[in-house]
Amino acid sequence: MNIPLEDNFSDVLEISDSDLAEKARLDANTIRKLRSGHFDELALFRVAPVLGLGARALNDLAQNEYRPAAREIDGLAVLNTPFHDMRVNAFLVSDPKSRKAIAFDTGADCRPILDRVAKEKLAVKLILLTHAHTDHIADLGRLKKETGAPVYISERESIPGAETIPEGHEFNVGNLKIKALLTWGHSRGGMTFFVAGLARPVAIVGDSIFAGSMGGGNVSYKDAIKNNLEKILTLPNETVICPGHGPLTTVGEEKQHNPFFAGRV
Ligand SMILES: [Fe+2]
């Protein structure tokens, strides 16, 4: 399935029109048009530095020229389910040898996870939650009951039915090693799970970063940026990034194309 990019460039611009107009020395009408998706290259190049965004990357996003290459690797399944007017991703990572698996988030409905587990004769040993926003944990009760697997979430974002873990906590499942990195900012305890043991490293990032964008800095925009820079974009370039919304991407591609980070790493 080709999952569309999570945001277009008008979602990325999070500042009032009048503030932005003043700082970019443009009139409010030009800003309004930019926001509504009207492409104006000159205006965009003036707006980007005010927002701390990479102008070229923002320009590519605006012109729909950024499409991360689809990645499929053995042992990684994307389960994409509808949640109100959007779609949300959950992931299943499995060790091809032992058939042991880890479910990351539940999606709106965990049926596709359970179907995949049955089809591939997997045994879910762990359920790891990237964060506690409803769309990511909507079907936790059922997933937990059906798999019997223990559930873990960050100690900064505890919820009923889940045990808590600190940053740096490691899990071993078959030949897979998983390390929890605290990439908070979008939520108080947002976790990125770095998985080693498949053909390429994998990072399950929740809403910390998306292909060409990032989750809103609901708790702290500054820390969301800092954590993404320090903990996700320092992973090996070939790492497959699995965001909670939108398509898969890689660390290398986001360094080049994500307007929040291009030119900063
Ligand atoms: Fe979220």
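**Notebook: loops, a helix pair and a sheet**

I started with D105, which is found in the loop between β3 (100-104) and α6 (111-119). Helices here are DSSP runs of H or I with at least four residues, strands are runs of E with at least two, and both are numbered from the N terminus. This is a predicted model, where local features need pLDDT of at least 70 and side-chain atom pairs count only at pLDDT 80 or more, while totals for chains, interfaces and linings use all residues. I count residues from 1 along each chain as its sequence is written.

I looked up the phi of D105 and got a positive one, about 65°, although D105 is not a glycine. Most residues other than glycine have a negative phi. D105 is buried, because 28 other C-beta atoms lie within 10 Å. (Buried means 20 or more other C-beta atoms within 10 Å of the residue's own, exposed means 12 or fewer, partly exposed is in between, and the C-beta atoms are placed from the backbone.)

R25 also has a positive phi, near 55°, and isn't a glycine either. I found R25 in the loop between α2 (17-24) and α3 (28-35). Buried or exposed, I wondered about R25? R25 has 8 C-beta neighbours inside 10 Å, so R25 counts as exposed.

**A helix pair**

Next I checked α4 (residues 41-50) against α5 (residues 55-62): they pack at about 135°, with axes 9 Å apart. The axes are lines fitted to C-alpha atoms over the stretch in contact, and angles run from 0 to 180 degrees between N-to-C directions. That makes α4 and α5 oblique to each other. (Under 35 degrees is roughly parallel, over 145 roughly antiparallel, 65 to 115 roughly perpendicular, and the rest oblique.) Which residues make the contact? I noted E41, L44, F45, A48 and P49 from α4, and A55, L58, N59 and A62 from α5. Contact means C-beta atoms, placed from the backbone, within 7 Å.

I then traced an open sheet of 6 strands with mixed pairing, in the order β7-β8-β9-β10-β11-β12. Strands pair if DSSP finds at least two bridges between them. The edges are β7 (170-173) and β12 (249-250), each pairing on one side only. β7 and β8 (residues 176-182) run antiparallel over 4 bridges, and F171 stands opposite I178 in β8.

V195 sits in β9 (residues 191-196). V195 counts as buried because it has 26 C-beta neighbours inside 10 Å. Skipping neighbours within four places in sequence, I listed the contacts of V195 as V93, L176, I178, P201, V202 and I204.

Conventions. Two residues are in contact if their C-beta atoms, placed from the backbone, lie within 7 Å.
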